[in-house]
Amino acid sequence: YCALENKKQLAAMGFADSKVLKIAERDMLFARIQQSVEKPVSDVSTPIGFVANSLSPEYISGCMLSLRKYNLNEVSHDTAIGLIRRALEKGIKVVE
């Protein structure tokens, strides 16, 4: 997440849909995110934060193979909602 006014700066730094980025580009961008987390919130030179949730392959398979089907789109949707809730709990104003 980042401040809405920094959206253009993030694009200029190379942030984009992960499906269009090469592995090396994703690694470099993740390193930038990690650096920004180590800085105080008032430092806007790399204005990024993140919330993560890890789902094991066993969990995903179990969802998809259970009697009540819980497909990958639903898992993704519900996980995204959970990430947004966690950001809101941290005091982040989420608008888009």
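Figure 1. A residue is called exposed when its relative accessible area is over 50%. In this predicted model, leucine 65 has a relative accessibility of 68%, so this leucine counts as exposed. Leucine 65 belongs to helix H3, which covers residues 57-65. Together with Met64 and Leu72, Leu65 makes up a nonpolar patch on the surface.

**Figure 2. The whole chain, for orientation.** Before moving on to further close-ups, here is the setting. The protein chain contains four helices and zero strands. Read from the N terminus, its elements follow the order α-α-α-α. The chain has 96 residues, and 18% of them count as buried. Its accessible surface amounts to about 7500 Å², with 60% of that area belonging to carbon and sulfur atoms. Take the contacts between residues at least 6 apart in sequence: 49% of these join residues at least 24 apart.

Figure 3. How many salt bridges does the structure hold? There are two, and this view shows the one between glutamate 96 and lysine 7. The closest N and O atoms of this pair are 2.5 Å apart. Lysine 7 sits in helix H1 (residues 7-13) and glutamate 96 in the segment after H4, so the bridge ties together parts of the chain that are 89 residues apart in sequence. Glutamate 96 counts as exposed because its relative accessibility is 67%, whereas lysine 7, at 48%, is partly exposed.

**Figure 4. The salt bridge of aspartate 17 and lysine 19.** Here the side chains of aspartate 17 and lysine 19 meet, with an N to O distance of 3.3 Å. Are the two partners buried or exposed? Aspartate 17 has a relative accessible area of 40% and is therefore partly exposed. Lysine 19 is exposed, with a value of 73%.

**Figure 5. Threonine 79, a buried residue of helix H4.** Threonine 79 is found in helix H4, which runs over residues 72-89. Is this threonine buried or exposed? With 17% relative accessibility, threonine 79 counts as buried, since the term applies under 20%. Which residues does threonine 79 touch, once neighbours within four places in sequence are set aside? Its contacts are Asn53 and Leu55.

**Figure 6. Two cysteines and the disulfide count.** A disulfide is a covalent bond between the sulfur atoms of two cysteines. For a pair to be counted here, the sulfur atoms must lie within 2.5 Å of each other. By this rule, the count for the model is zero disulfides. Cysteine 63 has a relative accessibility of 8% and so counts as buried. Cysteine 2, by contrast, is partly exposed, with a relative accessibility of 29%.

**Figure 7. Phenylalanine 30 in helix H2, shown with phenylalanine 15.** Helix H2 spans residues 23-37 and includes phenylalanine 30. This phenylalanine counts as partly exposed because its relative accessibility is 39%. Phenylalanine 15 lies 15 residues away from phenylalanine 30 along the chain. How far apart are their C-alpha atoms? The separation is 9.7 Å.

Notes: Residues are numbered from 1 along each chain as its sequence is written. This is a predicted model: local features need pLDDT of at least 70, side-chain atom pairs count only at pLDDT 80 or more; totals for chains, interfaces and linings use all residues. Side-chain values use heavy atoms; hydrogens and water are left out. Patches are made of residues with over 30% relative accessible area and no salt bridge: like charges are joined within 9 Å, nonpolar side chains (Val, Leu, Ile, Met, Phe, Trp, Tyr) within 5 Å. Accessible areas come from the Shrake-Rupley method with a 1.4 Å probe; for residues, only the protein chains shown count as cover. A salt bridge is a side-chain nitrogen of Lys or Arg within 4 Å of a carboxyl oxygen of Asp or Glu. Helices (H or I, at least four residues) and strands (E, at least two) are DSSP runs, numbered from the N terminus. Buried means under 20% relative accessible area, exposed over 50%, partly exposed in between (1.4 Å probe, protein chains only). Contact means heavy atoms within 4.5 Å.
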